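Hi,

Here is the structure I promised to pass on.

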Amino acid sequence: MHRPSAQEFLQALLETLDDLPTDLARRFEEILKNGGADRSQALRQLFEEFAGD
Amino acid sequence: MAGPTDRRPSVSSSRNSLVTEKVQRLVMRAFRGIPGEMTVDFGKGDSMVIYGDNGTGKSTIADALEWYFTGGIDFLSHEGRQHAVRYVGGESDEVTSVEIVTNGTLGGRVGIPDERPVETFDAIRRETFLLRGRTLADFINKTKTEKWKALVEILGLDAIEDLREDLQRARNELRKLSKAAEEEVRTYRRALASGSGDVSDETVLASLQQICSALGVDPPETLEHVVDPSWLTTAVGASAVVAEGSDRESLLAEIKTLSPPAFDKRAGEAWNQIASSDRAKLLPRASLVREAKRLFETGSIDKGHCPLCGQKVDHKSLAKRIEGTLVDVMEASRGLEDVRDAIAQLSDELESAYRRRLSILNRAGTMGLELPPVPELPHARLRDCLENLAPITIDAITSAVSEVRKWDRSAGTLARKTAPAEPSTRDTQLVMLAGLCQQVNAWRLAEKKAARAGRALELAERVFDAYQNKQKEDLTELLKQISRRVAQIYATLHPGEDLEAVSVEPWTAKGVELAIDFHGSRQRPPHGVLSESHLNSLAIALFLAMAETFNQRIGFLLLDDVINSFDVEHRGRLAELLADGFSERQLIVLTHDQPFFEHLSRRAPAWRRLEFTSWSHASGPRTTLYETRDILQHARERLDRGDIHDAAARARRALEELLQEVCEALWAPLPFRRGQANDKREIGELLKGLRRTLKERAKLQLESIEPLLKNLEADVGAALNVAVHASRDRPGGSDVRAALERIAALDDTWSCPECRTRVWHRGNPDAGRCKCGKSTFPPVRLLTAP
């Protein structure tokens, strides 16, 4: 049984979602790569950033 | 790990070597109930059924495999039991170790202290290989959330689950921010609406244009003009003198918009109920537990010490406690999630209400208007309760809200009384217009902020929902695979019973539950309709199905006394299932049930059989596969090191075991003894039985070995007599060495020179053979004359 990493899982998911902001997948990847205890904060900021003005 | 020859289980995982790793040899030294060394030979990775009464030491095999492949023995992981990995009988010359030989790369040797890093087990830690009777129904008895957690770990999806939790935290935070932004917008809308209700760009612009026209001011074309400071200065041009009067009007207008914070008593009661529960008391430790888990996973901890406080602690038990606590924390956290938001919002509203009224009070003071002091509100206390998970005082909040309502009324009355009686001058009206424009500006900024928060939330919700759904779909698919196999195995164990459609099903977003159809009704969980033995069958079916579905490397399965609650019929069915349904795997089955042992042996003739006959404090477990040669070799080694006493003790044991096996094989007539006492027969008694048998059936052989037997009898009284070794006239090393050679000579008499197995080992004594069949009893050259 293939056990995907969190990154692979998320990547596969994002590919199925239409009309996502450009570059969102790459930014997710950066956050997952950097790790850190405040990952949820980084994710929140990412969503806010892509919400635009 | 002990010694330079250590080999550790390979860290790297190879998906090509699927489920092929089988145990070929297990060597235990000074481990649990084994004082010296014990070897179990599994051939090329053959299945084996191991029988022994309670207390004969057979579970030591399960303990050794569990220790080697998981780094710990679960039931010894509790405080005060860890030392029992070592030989339990006291001092032993051997260094505690377990050595495994496999047909792959997982073999090696582990000793105490076990210094293998956590990563050692990465390749195999998700593999299922051990099921014990005492923990048989552990998985079945877990809660839905615990089952989910356990499955997620077995499936290797915990990193995915961690990310889901982080996405959920981010989503929840955005929900709060969005809610706060919308509340701000509502406040401005209420101020701007002035009772008309509808507030939009168009209506606000139309009102402003109407006011401007009435005042003879150029009306703004768009709301962008209104927020432009230069337009405001040019069009309105308000003076400081007018501002004072206008401020009072503005203050009165603001007081009119005041409304007390809303408080739903039911939310408070719900919070108090949860905050008073035992589980909620775990939550303050949540971040500590998560940090501990993170440290464990990253391996950045000092082995043997708590990563948080630095105290000495058992690594395995701490890991288990962290996992259990995390599950409890998660359930408590979920219960609190909804009510927490309501209380947090109430705290925010109370604080906002207090600050707003304080601001009005201060502004009124600068205008010479004396308003009553603002009542103290319990928002800080509420925050403390939120942080400390303490119950809130509902009466205090109700009373505070009532006080706010009174203050609003009296402030409004006072402000109206002191407001200028005369109608506003044009300048006053202009300043009011300026104030209105500022409010419009603030409202539009709040709208933008709320819209942005809403978009961020929408994106987060979308990603999170899709993530959670995909995770659930993937797990559901995996559960379907397991369920099909569980149902097959269960039906094999319980054919023709009205229990159908056994399955493992997802339960809400974060739970997993076992289910079964019972006379047309779906039972989830099945505890209400299944007997203990049926639940145990379900546990065995689940264990076998999960191992089949998910194991990638470990090709052996170990079942330790799992049939205790089964009747004879079901024991038979399980034996058949194991023998016929899992032939591609290596099964190691331990049991104290002789009929089950016999049944399995008959059904699976290719399996190896091992019987544990007894256990003694001095010599540990005894099996039907005696190892006289190994014991002799160890005795020689002790003698070479000058330890004559120990060498003599080992030599005596070797002689005992040799004579016991020969007497057993020859069916030598010995006085009746019950149970394990047969293993404790003395050498003199055994020699008597041997001589009597040989005299009847192989007289010439007896004559040929009689001198050897007499010498050995003398050895037992002197060179091999442990008591004599303590005396002044103790024998020297040469006497013991001579005795060792005589024991080896006797052993040769009964051994096949070709295959080295003992002649007459098991079976009918009238047609005795060695394993290869080339040596017979009685030996042809020593046949008794007719």
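Predicted model: local features only at pLDDT ≥ 70, side-chain atom pairs only at ≥ 80, totals over all residues.

Residues are numbered from 1 along each chain as its sequence is written, while chains are lettered from A and ligands numbered from 1 in the order in which they are written.

Helix α3 of chain A (residues 39–51) meets helix α3 of chain B (residues 158–193): their axes come within 8 Å and cross at roughly 55 degrees. (Helices are DSSP runs of H or I, at least four residues, and strands are runs of E, at least two, numbered from the N terminus; axes are lines fitted to C-alpha atoms, for helices over the stretch in contact, with angles from 0 to 180 degrees between N-to-C directions.) In α3(A), A:Arg39, A:Ser40, A:Leu43, A:Arg44 and A:Phe47 contact a set in α3(B) that includes B:Asp166, B:Arg169 and B:Leu174, contact being C-beta atoms, placed from the backbone, within 7 Å.

Chain B also has an open, antiparallel sheet of 4 strands, ordered β2-β1-β4-β5 (strands pair if DSSP finds at least two bridges between them). Its edge strands are β2 (37–41) and β5 (108–111). Strand β1 (residues 23–29) pairs with β2(B) over 5 bridges, and B:Arg29 sits opposite B:Glu37.

Further along, a hairpin links β12(B) to β13(B) through 3 residues, with B:Trp615 opposite B:Pro621.

Cheers

Notes: Contact = placed C-beta atoms within 7 Å.
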